[in-house]
Amino acid sequence: MAKIKKRDRARNIFNMNHDLFRCPVCKGQMMRTDAYGLNCSAGHNFDLARKGYVNLLTRGQNCVYDTELFQARRQVFRAGLFGPLIAKVSEVINELSFDKRITLLDVGCGEGSFLCSLVKQITQMPVTPLGIDISKEGINLAASYNDPLMWCVADLAQLPLQDASIDIILNVLSPANYGEFHRVLKARGVVVKVIPGQHYLGELRDFLRYDQDHDRYSNEEVIKHLEENLEIQAIHPVHYRFMVNSSLWPHLVRMTPLMWNKSIHEDLSVSDKEIKQVTVDLNIIVGSVPDSSGGPSRKGIIN
Ligand SMILES: [Zn+2]
């Protein structure tokens, strides 16, 4: 049997799920099409790249993260830094009571490893996964996986998705936009957000002296914003140590700005004192849209 080309397979998947999307220009419906891309009823076209992703940005973005950062993240990922985290997130999702196929949106999916791995561990229900990131470099790398997932370059503040189209929004160590989250979530949908705890990669931050001029990292602000915007159903702390060998070390240092939303630091030189293990201290927070609409305004991008 002839192997179906990646781009053809991606076209089939986008066609099957065209009704999830809305045009980022006119907010119109996306149509089923024989062409390679997503086309709205008003004639706005978004091409499907050869690798099988769609760029739905309406203008160019100055993204500070380059391919090298995403490749470093992939190396660290493959070494298993996030293995126990993914296992716990999949456990949390498998316990949610959805009785039919779910749409799972990873907002800020970066180079896609997290979503690809997670989907393989969701066993309790069929899943339609979609990864979105504003970085074309990230999505380009994500689409290099052979898994049949949908990948889009898109703006978090203007998700190219229909209202009430998503069952689960995954938001891992990445900014949130609760206004958009509320809009695209179905009535019984949930947000699964992963945020750092106080000790997350503390050894690395000490080494890079990120905390030298100010207090230790605190997630209080992030949790406060979260509480203002979501009905928190559960918080699952995840804490473990991860061994770092010398070949992984440069990748870990390289990906650090990505994890902390910092601008790329210039000094990546590594001294003799290598770190042998790092602390992974994270919280998985499950939240739903509050019933009343009388709360604070749910706008803006929040970490
Ligand atoms: Zn349009």
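Trainee: Which ground rules apply to the numbering and the values?

Mentor: Residues are numbered from 1 along each chain as its sequence is written, and side-chain values use heavy atoms, with hydrogens and water left out. As the model is predicted, local features need pLDDT of at least 70 and side-chain atom pairs count only at pLDDT 80 or more, while totals for chains, interfaces and linings use all residues.

Trainee: How many aromatic pairs are there, and what class is the pair of F77 and F82?

Mentor: Rings of Phe, Tyr and Trp (its six-membered ring) pair if their centres lie within 6.5 Å; planes under 30 degrees apart count as stacked, over 60 as edge-to-face and the rest as tilted. By that rule the count is three aromatic pairs. For F77 and F82, the centres are 6.2 Å apart and the planes make an angle of 40°, so the pair is tilted.

Trainee: Are F77 and F82 buried or exposed?

Mentor: The scale is relative accessible area, with buried under 20%, exposed over 50% and partly exposed in between (1.4 Å probe, protein chains only). On that scale, F77 and F82 are both buried.

Trainee: What class of aromatic pair do Y178 and F181 form?

Mentor: Helices (H or I, at least four residues) and strands (E, at least two) are DSSP runs, numbered from the N terminus. Y178 and F181 are three residues apart in helix α6 (residues 178-184), which means that about one helical turn separates them. Y178 counts as buried at 1% relative accessibility, and F181 does at 0%. With 5.6 Å centre to centre and 80° between the planes, the pair of Y178 and F181 is edge-to-face.

Trainee: Which residue has R7 over its face and the charged end of R11 over its ring?

Mentor: A charge sits over a ring if NZ of Lys or CZ of Arg is within 6 Å of the ring centre and within 35 degrees of the ring normal. R7 is 4.2 Å from the centre of the ring in question, and the charged end of R11 is 4.5 Å from the ring centre. For R7 and for R11, the ring belongs to Y36.

Trainee: What span should helix α2 have, and how far apart are its end C-alpha atoms?

Mentor: The expected span of a helix is 1.5 Å times one less than its number of residues. Helix α2 covers residues 67-79 and has 13 residues, so it should span 18 Å. The end C-alpha atoms of α2 agree with this, at 18 Å apart.

Trainee: Which residue takes a positive phi just after α2?

Mentor: Within α2, the buried residues include L69, F70, V76 and F77. Just after this helix, phi is positive, at about 105°, and the residue is G80.

Trainee: What volume does the largest cavity have, and which helix gives the largest share of its lining?

Mentor: On a 1 Å grid over the protein atoms alone, a cavity is a set of points where a 1.4 Å probe fits but cannot get out, and lining residues have an atom within 4 Å of a point. Grid points are joined across faces, edges and corners, and a volume is the space filled by probe spheres set on the points. There are two cavities of 30 Å³ or more. The largest has a volume of about 80 Å³, and the largest share of its lining, four residues, comes from helix α1 (residues 6-16).

Trainee: Which helix gives the largest share of the lining of the second largest cavity?

Mentor: The second largest cavity has a volume of about 50 Å³, and its lining includes A10, F14, M31 and L48. At least two lining residues each come from α1 and β2 (37-40). The largest share, four residues, comes from α1.

Trainee: Where is K27, and is K27 buried or exposed?

Mentor: K27 has a positive phi near 65° although it is a residue other than glycine. K27 sits in the loop between α1 and β1 (30-31). Since its relative accessibility is 53%, K27 counts as exposed.

Trainee: Is L173 buried or exposed?

Mentor: L173, also a residue other than glycine, has a positive phi near 50°. Its place is in the loop between β8 (166-172) and β9 (176-177). At 11% relative accessibility, L173 counts as buried.

Methods:
On a 1 Å grid over the protein atoms alone, a cavity is a set of points where a 1.4 Å probe fits but cannot get out, and a pocket is an open set with protein on both sides within 12 Å along at least five of seven lines; lining residues have an atom within 4 Å of a point.
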